[in-house]
Amino acid sequence: MDLTRASLLREMLTGTELGTRTTEFAHSLRRFTTRNGGLMLLGPADDEPWHLTAHLDDELHRAGVEDIRPALVRWAPPPDAPPHLAIGLDRLRDTGRGESLLVVAEEDPADTLLERISDVRRRGTTIFSIGNGDKELTSLSHETLVPELLVPDGFGWTSRPIELDHDEPQSGVPLTDTEPQTTEGFEMAQHLVSLAAADQDAGQPGWRRRLRAAIERLGGEPA
């Protein structure tokens, strides 16, 4: 998914459960990462979060946010890897307050991953996770994002996997459960988080964002 389609998708989802949740998640990630270079990403050994790391780095750089550019923490980086791809698990031993660990795990995390997360949390690092709702990962996380779309079912709300039509958008990007070519909601949510993390007011306290939104709704310019 390119930047244009991702931006269009985010605009289309404004006001929905998924749009609101991904924005709040990304803004919290910015707000609680106060140490320079304090944003780290970690995933399973066989599914490291290259995708989200690259998009977060691109969007933050584009927005001029250089102090929390993300670092991919790898389980066993090769000795000839370039510096930005050579950050190993030793990095987790130096974590502390003001830093954030973003865990990306589409499947249930293995015990070895959970143990690393637990160690980092005990050092005072804030834990964010994008996962499938696994109870152990959720219990270790200060904030969790489970990519899903809430839809009415006649008795309330239920969740379903998110699917995106791959056809070129005309007036919008439709969500569909009939198109065979789909991209999983897990990937979609990562694009939404990357875009929201680069918002101008992402690092501000909640009351500042609400005040800014109220001013803009009234047609004025924020001070």
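Does arginine 10 count as buried, partly exposed or exposed, and at what relative accessibility? Arginine 10 counts as partly exposed because its relative accessibility is 23%, where buried means under 20% relative accessible area, exposed over 50% and partly exposed in between (1.4 Å probe, protein chains only). The structure is a predicted model, in which local features need pLDDT of at least 70 and side-chain atom pairs count only at pLDDT 80 or more, while totals for chains, interfaces and linings use all residues. Residues are numbered from 1 along each chain as its sequence is written, and side-chain values use heavy atoms, with hydrogens and water left out.

A search of the whole structure finds 10 salt bridges, each defined as a side-chain nitrogen of Lys or Arg within 4 Å of a carboxyl oxygen of Asp or Glu. One of them joins the side chains of arginine 10 and aspartate 199 at 2.7 Å, N to O. This pair links distant parts of the chain, 189 residues apart: arginine 10 is in helix H1 (residues 3-12), and aspartate 199 is in the loop between helix H6 (185-197) and helix H7 (206-217). Helices (H or I, at least four residues) and strands (E, at least two) are DSSP runs numbered from the N terminus. Aspartate 199 is buried, since its relative accessible area is 18%.

The side chains of arginine 21 and glutamate 143 also meet in a salt bridge, at 3.3 Å, N to O. Here helix H2 holds arginine 21 and strand E5 (residues 143-145) holds glutamate 143, 122 residues apart. Arginine 21 is partly exposed at 23%, whereas glutamate 143 is buried at 17%.

A further salt bridge, 3.4 Å from N to O, is formed by arginine 35 and glutamate 99. Arginine 35 lies in the loop between H2 and strand E1 (39-42) and glutamate 99 in the loop between E2 and E3, so the pair ties together parts that are 64 residues apart in sequence. The relative accessible area of arginine 35 is 37%, which makes this residue partly exposed; glutamate 99 counts as buried at 2%. Arg35, Arg91 and Glu99 are linked in a network of salt bridges.

The count of aromatic pairs comes to 1. Phenylalanine 25 and phenylalanine 128 are edge-to-face, 5.6 Å centre to centre with 85° between the planes. Rings of Phe, Tyr and Trp (its six-membered ring) pair if their centres lie within 6.5 Å; planes under 30 degrees apart count as stacked, over 60 as edge-to-face and the rest as tilted. Both phenylalanine 25 and phenylalanine 128 are buried.
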